[in-house]
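Here is a short tour of one model. It covers a chain contact, a pair of helices and a pair of domains.

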Amino acid sequence: MLPFSFEKVRTEQDAIRAAAAGARYIAGGTTLIDLMRDEVERPERLVDINALPMADIRADGSDLVIGALARMSDVAAHPETKRLQPLIAESLIEGASPQLRNMASMGGNLLQRVRCPYFRMLDAACNKRDPGSGCSAIEGLNAGHAILGTSDHCVATHPSDVAVALVALGATMRVRGPQGERTFPVEELFRLPGDTPHLEHTLRPGELIVEIRVPGGPYARQARYLKVRDRASYEFALVSAAVALETEGDTIRQARVAVGGVGTRPWRMRAVEEALRGKATDRNAFEAAAHLALEGTRPLSHNHYKVELLPRTIVRALEMAGGTA
Amino acid sequence: MSDHDRIPLRQARPMAEKGAAGSRLSRRSVLQMAGGAASLAAASVATTQTASSDGPPATSTTRVRLVVNGSARELELDLRQSLLDVLRERLDLTGTKKGCNQGACGACTVLVNGRRVTSCLTLAVMHDGAEITTIEGLARGDELHPLQAAFIEHDGFQCGFCTPGQIMSGVACIAEGHATSPEQIQFWMSGNICRCAAYPGIVAAVADAAGRT
């Protein structure tokens with residue numbers, strides 16, 4: 001690990017000042033320290049923000065408000081999370097391991113780097129790590145890679161589970177930085193790789209994620225997260241789906257659907273949601289709607305299976321949410 | 001060069017920090033003395049780097065206070081040292097194992113303020129003032145912790161390398177209330193890998209100890 005300087009801050013102002021001057025925020029550190037050890041990340045300054053009072057989890061009316069420093073395990077176990085947004089709890093529990101969930105913060109979870117093996121392999125070309133060097137995955141081992149939102153420069157998936165649930169539920173995030181505070185949808189945090197895959201998010205220099213707000217909705221209690229992976233737990237998704245349904249009898253009033261493991265960012269499926277509106281909660285309707293998820297997919301040499309697995313995962317998640325699985 | 005090798009010589013010798021170990025020379029003491037010699041060579045390299053104007057920032061150290069298994073320890077640490085390396089290399093608490101060193105295997109699991117974490121993925125400097133419990137802190141004298149006893153009773157290991165991490169994780173799993181069924185134990189212990197696949201014994205041991213506590 002390369003040397004760095006380290007500062008622990010007690011106030012947001014000090015944190016933002018340090019970051020505006022080039023320091024990297026560190027909270028749980030589960031991504032950053034791992035990548036620093038491999039010298040994929042080479043920050044010269046770290047600012048430890050763990051002492052900032054940003055770990056609260058609370059209800060605000062029907063909204064769930066989560067401090068950016070709240071740990072994944074604490075958010076998942078919190079009574080207000082279970083009461084208001086069980087989908088958030090379920091998606092968190094399906095991610096990482098108990099130890100990592102005790103360490104990783106919510107803000108850091110959203111900003112975690114990709115798990116593409118070439119990103120960590122210093123002697124392999126990777127446009128994300130070394131812009132302009134090329135993408136080793138496109139012609140290489142790409143079974144785990146994306147089929148949506150890819151470019152000729154990067155095909156890595158965003159690895160977060162909870163981000164998929166947050167995008168499905170239309171969560172927003174509040175950030176503060178040198179130019180003040182702003183709030184925007186979590187979905188807009190993530191950039192498509194395009195020809196700048198090294199730019200992963202839309203935060204401005206020095207901006208600090210303060211909190212995440214998950215709006216309540218009539219679909220919040222009928223919501224499930226299904227994660228398909230190579231083993232039953234502690235593994236990244238091949239395909240995952242976060243779905244939420246508002247139903248009246250056997251009819252769907254509205255649906256929320258987002259998927260993970262297939263996109264270069266968490267992927268909201270608006271065409272699928274629209275197709276479900278007014279339909280019956282049965283397998284035929286689910287299959288017809290889920291088929292629309294395939295629009296625009298571009299499979300690579302080793303991940304054609306995701307084209308088949310994606311709609312099946314959505315159908316199964318809808319059945320789980322609708323109580324027919 | 002490992003992180004440990006970069007520590008200046010005066011901090012590289014953990015002898016002064018050791019408990020009253022026997023006076024016989026152990027395999028580990030010999031290795032530690034060799035490490036001290038290696039770090040002397042490393043120190044001159046580091047000095048050269050520091051003198052360069054466009055090189056990386058100079059290596060720096062800081063004072064950190066940890067309460068490890070109930071004893072307060074004041075340490076001068078390299079900022080880069082993981083909690084795992086500090087436990088093993090500085091405090092000689094080698095029960096905590098270094099497996100993957102990237103948070104994937106769970107062999108380095110310890111409790112920080114009562115919560116299980118992978119000690120390889122966190123910098124020691126981030127835990128100033130924290131209470132750390134390692135496998136060495138579980139038994140009371142000669143009396144094993146109930147989960148340690150259960151691991152023996154249920155053959156919860158073969159080679160034993162992952163066992164300290166399994167036990168620390170299991171202690172937390174029980175305390176969290178997640179050891180309610182074999183399926184739950186499997187899920188909540190999945191951050192700890194056992195290459196010998198002693199999983200049936202591990203699950204049985206955690207279930208047994210959970211039932212007794």
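Two residues count as in contact if their C-beta atoms, placed from the backbone, lie within 7 Å. The model is a predicted one.

**Where the chains touch**

Chain B brings 26 residues to the contact and chain A brings 21 residues. On the side of chain B that touches chain A, the elements giving two or more residues are β4 (115–118) and α6 (182–188) of chain B. β4(B) gives the most, with four residues. That side of chain B divides into eleven nonpolar, eleven polar and four charged residues.

**Two helices in chain A**

Helix α10 (residues 283–291) of chain A meets helix α11 (residues 305–322) of chain A. Their axes come within 9 Å and cross at roughly 140°. α10(A) is therefore oblique to α11(A). The crossing of α10(A) past α11(A) is right-handed. The table names the residues that make the contact.

| Helix | Residues in the contact |
|---|---|
| α10(A) | Arg283(A), Phe286(A), Glu287(A), Ala290(A), His291(A) |
| α11(A) | Pro311(A), Ile314(A), Val315(A), Leu318(A), Glu319(A) |

What kinds of residue make up the contact of α10(A) with α11(A)? Six are nonpolar, one is polar and three are charged.

**Domains of chain A**

The domain assignment gives chain A domain 1 (5–51) and domain 2 (223–322). Taken over C-alpha atoms, the centres of domain 1 of chain A and domain 2 of chain A are separated by 36 Å.

Terms used
Residues are numbered from 1 along each chain as its sequence is written. Chains are lettered from A and ligands numbered from 1 in the order in which they are written. This is a predicted model: local features need pLDDT of at least 70, side-chain atom pairs count only at pLDDT 80 or more; totals for chains, interfaces and linings use all residues. Axes are lines fitted to C-alpha atoms, for helices over the stretch in contact, and angles run from 0 to 180 degrees between N-to-C directions. Angles under 35 degrees count as roughly parallel, over 145 as roughly antiparallel, 65 to 115 as roughly perpendicular and the rest as oblique. A crossing is left-handed if the near helix is turned anticlockwise from the far one by less than a right angle, and right-handed if clockwise. Ala, Val, Leu, Ile, Met, Phe, Trp, Tyr, Cys and Pro count as nonpolar, Asp, Glu, Lys and Arg as charged, and the others, Gly among them, as polar. Domain bounds come from an automatic or database domain assignment.
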